[in-house]
Amino acid sequence: MHLCCHSYFSLKYGVLSPDDLLCIAAQKNIQSLALTDINNTSGILDFFRLAQRYNVRPVAGIDFRNGVEQKFIGIAKSNEGFHELNKFLSEHLISGEKFSDIAPAFQQAWIVYPMLSAPQQLHENEFVGIKPNELFQLNFSEWKSKLHKLVALAPATFRNKTDFNSHRLLRAISYNTLLSKLPVSGQASADEIMYSPEELKCIYREYPQLIYNTEKLLEPCCIDFEFGKNKNKKYFLGSAKRDHHKLMSLCYEGLSYRYPNTDDTIIDRFEKEIQMIGELGFSSYFLINHDIVRYARSKNYFYVGRGSGANSMVAYLLRSTDVDPIDLDLYFERFINPQRTSPPDFDIDFSWNERDDVIDYIFNRSTFGKEHVALLATYSTFQRDAAIRELGKVFGLPKAEIDSFFENGNTKRDHISNLVLQYAQRIIDVPSHLSIHAGGILISEKPMTYYTALDNPPKGFPLTQFSMLEAEDVGLYKFDILSQRGLGKIKDAVAVIEKNRQVKVDIHDIKKFKEDEGVRQKLQQANLMGCFYVESPAMRMLLKKLRAKTYLDLVAASSIIRPGVAQSGMMREYILRFHEESRRTYIHPMMEELMRETFGVMVYQEDVIKVAHYFAGLTLTEADMLRRGMSGKYRGRAEFEKVKDAFFNGCRKKGHADKIAEEVWRQIESFAGYAFSKGHSASYAVESYQCMFLKTYFPLEYMVACVNNGGGFYAAEFYVHEARMCGGTIHAPDVNKSFYETSLYGKNIYAGFHLVHELEMLTVTNILKARAAEGQFISLADFMQRVEISLEQLRLLIRVNALRFTGRTKQQLLWDIHEIMGHDKKTNTEKQLFEAEHKHFVLPELHYSKIDDVWDEIELLGFPLCSPFDLIKQKTNVTEGIVIHTAAELSAYCGKIISIAGYFVTRKPTRTKHGQPMAFGTFLDSKGQWIDTTHFPDVVKQYPFRGRGCYRITGKVVQEFGFYSIDVISLYLLEYKTRYAVVEEDKVHVNE
């Protein structure tokens, strides 16, 4: 009967999970328990879901505080009371307004004031809480005469002294202060532990009425969240009938668009889906998705629909996805089945610069109602490294000593260091603050405050205080409105193509792209730099080994590349079975029947459902729970353990040997949490094909779009390099040619001002305005007269060679600035200075070197516009291996030791099965072709990567299924030429 319990969702205050609190309550035989976190309701849903397991009656409340100053505690009598409390808290969190001393007049909630700040006049639903340490003071208080208005307020925040210590450390982190300077007022009392009913009665033995009042206060409190019941917006058009008719109407329109020639297979699938969607009450869910993409199309926004919803023909007809479930024979039950209580997952990707407008549309859509829409939260929790750093600061350790915790082999620890490690372990996974889910939006039938208080995140839209897991538990299913740069690249490329080539590309003609021979060749060569999801070194390797040449090959590869499949060894097994028919063995005849298409290897999430349903005899609901549990989100829950038991029991009932069942379970367990549904992989493959088509026939336009959309897997430098490889001529920014973004004139690519570090947007705007108003600039003086610009910004433009149209060197232009200005002035706002006639001076000989230009480019653009190999100081004497110069030569030296120069692109650190660090490297050769390297633990230790630059790579050439790489033996960073390294022919002599 504790009225005030704090979980770790009292952020940087509490230390116990809701589960911990319930466990302690059950041990102490407590029948009713109120969770009242500080200005937070994150733990309430889990608290209620788990309470039944412990036979504890849960009560929901909120501890309303201004900072650490407690104003009052609100305890909900009912669902309406919880709604009242949430609405009140939300108003204050969103507005930032402090709580007043007096609570509002709640109709369905109790209010408990702290004794020292309670108002003299109390309403019927208001009480004063007396803490154990205030009982003596009560003897001399006027409240002693009003015992009917007093309750026992024994806050429960800790289990023991160790928990209290953790609490103090969290408070110090919150205050960003040393533990020794933590104010007493900023922390809880050490006696805030949970007492059994007998202990409480003993503590309050002189005032037994307080215990009685407390029991009576808790008695009527009852909330039913109806876990699992769908609470999404029930109707889109006001009734189920109207929704169903609208959905049917839209689908029939889509049938003529998607399937001009329908057949029985198409009609049967459609009728099966539409009937089940109606029976399960998911019509509004599909109509809301359709409404979102309809708005996107009206604004000419590109989007991709994916997730299990991509397995749906109805989604295909509504144009929510471009994946044809008939063409791919997508597994219907992954999308929906008669036993499913939750709608299918639907992820809709928008361009990174258009998504926010779509979100704004959803929140302001009058059909939904503002109180019914919220962003979904995630919990940012303390992880080991961050916990150590935060605690190190709290204990006052210097940075160097904190850094030493992460150095290998450093085991010397003093008492303080040991405390840091000890308590870091205790706060791992404790929530630190709320964050925003990558794209989750909830649209509920009732106002969102029936389930959670709402916070105010930086985006300005209300944010729930619970995560996706609690949302799904209570029956709120998210709409994923995500962003990616790939769509921005596609849209921009189409626009650049129309401008540069006067060609209109129908980017949605996916069938044409799948059958295009040029695209097929690009896929076979894995020459896919810049193409969505298929450009990484790992995917390039996989596609070459699989000799991928069709859409279905790419769909499979998109799922095989996922971590679970790769780490379990099943990716390699799939490759081997692809090449060697003799390896295509099946652990059981049914496995052959279920997974013949993928050679007996589980590739898609559907494979898990099929195996669980047909092989182990689980229901489709159990099979889907198994799939979800494997993701880690539900693993460890009692429900998941039951499904696991059901899997093995089902296998036994079907007569499968235990060894076979265990091996099938191992395969499911090893990858299911990371694999895609086939529809999801297919959605990715559609976007990949759009990119591949653009890259094949419009490479320069596409590379320019890549640069302007922040690149992709690689940094902008490598898309500029790829544009050069595709025949483009790369130019530094030019005040007469460049725009904010990188631009294309025929085959000439001018770097955009956006690439110049520290160049301000205001400067770019002023340049473009002046150029638009009066044409190109004719001299430095003309530029300075027409553009308002600071001296520092002007120097940046000169150093990046953006004023080369003048015919003057950078050094001359830097001198000319002061000659024109007449004196050192920060800005040129006083135009008359530049209209005056200026004197000419004879300049001394000025230093000039092309190497200086290159270093300016590296400093200001982040990369050189020339070949980085031109910067190598001198050739090194190679004492080991055959010297080769290009990656194309690797095939001639398979199995031999070679040495080659490579420009570092990226590396992927990983670990061996024994936990030792190793890495995979990616380099470019002097001709711009890929070099792939493997760095085993001894090499990583002896020859670590040393950042950007050119390296001398020595190693053994290896090959597997036509993919060549180097097992590195040694790796040396080559020395670059430095600034002011004057080459004789680069000298400039000026005498004017």
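Modeller: Two strands count as paired if DSSP finds at least two bridges between them, and in this predicted model strand 16 and strand 17, the latter at residues 748–750, pass that test with three bridges in the antiparallel sense.

Biologist: Which residue of strand 17 stands opposite Tyr 745?

Modeller: Tyr 745 faces Asn 748 of strand 17.

Biologist: What makes strand 15 and strand 16 the edge strands of their sheet?

Modeller: The sheet is an open one of three strands with mixed pairing, in the order 15-17-16, and strand 15 (729–731) and strand 16 (743–745) each pair on one side only, as an edge strand does. On average, and with direction ignored, neighbouring strands of this sheet are turned by 25° against each other.

Biologist: How do you know that strand 8 and strand 9 are paired?

Modeller: Since at least two bridges are required, the four bridges that join strand 8 to strand 9 are enough, and the two strands run antiparallel. Within this pairing, Gly 305 stands opposite Ile 348 in strand 9.

Biologist: Which residues of strand 8 point one way, and which point the other way?

Modeller: In strand 8 (residues 303–306), Tyr 303 and Gly 305 point one way, while Val 304 and Arg 306 point the other way, and all are buried. In a regular strand, side chains alternate between the two faces of the sheet.

Biologist: Why are helix 5 and helix 15 called roughly perpendicular?

Modeller: Helix 5 (residues 161–175) and helix 15 (residues 384–394) pack at an angle of about 85°, with axes 10 Å apart. The class roughly perpendicular takes angles from 65 to 115 degrees, and therefore this pair of helices belongs in it. On the side of helix 5 the contact is made by Leu 169, Ala 172 and Ile 173, and on the side of helix 15 by Glu 390, Leu 391 and Val 394. Sorted by class, the contact has five nonpolar residues, no polar ones and one charged residue.

Biologist: What do the buried residues of helix 14 pack against?

Modeller: The buried residues of helix 14 (residues 355–363) are Arg 355, Val 358, Ile 359, Tyr 361, Ile 362 and Phe 363, and their packing partners are helix 10 (283–298), strand 9 (347–351), strand 10 (373–381), strand 11 (431–443) and strand 14 (479–484).

Biologist: Why is the pair of Phe 88 and Phe 99 called tilted?

Modeller: The ring centres of Phe 88 and Phe 99 lie 5.6 Å apart and the planes stand at 45°. Phe 88 is in helix 3 (residues 79–95) and Phe 99 in the loop between helix 3 and strand 5 (109–114), eleven residues apart.

Biologist: What makes the pair of Tyr 252 and Phe 270 edge-to-face?

Modeller: The centres of these two rings are also 5.6 Å apart, but the planes of Tyr 252 and Phe 270 stand at 65°, which is over the limit of 60 degrees, so the pair is edge-to-face. Because Tyr 252 lies in helix 8 (residues 240–258) and Phe 270 in helix 9 (residues 264–280), the pair ties together parts that are 18 residues apart in sequence. Tyr 252, at 47% relative accessibility, is partly exposed, whereas Phe 270, at 2%, is buried.

Biologist: Which residues do ring pairs link into a cluster?

Modeller: The structure holds 52 aromatic pairs, and ring pairs link Phe 64, Phe 72, Phe 88, Phe 99, Phe 106 and Tyr 113 into a cluster.

Biologist: Is Asp 329 buried or exposed?

Modeller: Exposed means over 50% relative accessible area, and Asp 329, with 65%, is therefore exposed. Asp 329 is in the loop between helix 12 (325–328) and helix 13 (332–335), and its phi is near 55°, a positive value in a residue other than glycine. Most residues other than glycine have a negative phi.

Biologist: Why does Phe 599 count as buried?

Modeller: The limit for buried is under 20%, so Phe 599, at 13%, counts as buried. Phe 599 is found in the loop between helix 26 (589–595) and helix 27 (605–615), and its phi, near 60°, is likewise positive.

Note on methods. Residues are numbered from 1 along each chain as its sequence is written. This is a predicted model: local features need pLDDT of at least 70, side-chain atom pairs count only at pLDDT 80 or more; totals for chains, interfaces and linings use all residues. Side-chain values use heavy atoms; hydrogens and water are left out. Axes are lines fitted to C-alpha atoms, for helices over the stretch in contact, and angles run from 0 to 180 degrees between N-to-C directions. Angles under 35 degrees count as roughly parallel, over 145 as roughly antiparallel, 65 to 115 as roughly perpendicular and the rest as oblique. Contact means heavy atoms within 4.5 Å. Ala, Val, Leu, Ile, Met, Phe, Trp, Tyr, Cys and Pro count as nonpolar, Asp, Glu, Lys and Arg as charged, and the others, Gly among them, as polar. Buried means under 20% relative accessible area, exposed over 50%, partly exposed in between (1.4 Å probe, protein chains only). Rings of Phe, Tyr and Trp (its six-membered ring) pair if their centres lie within 6.5 Å; planes under 30 degrees apart count as stacked, over 60 as edge-to-face and the rest as tilted.
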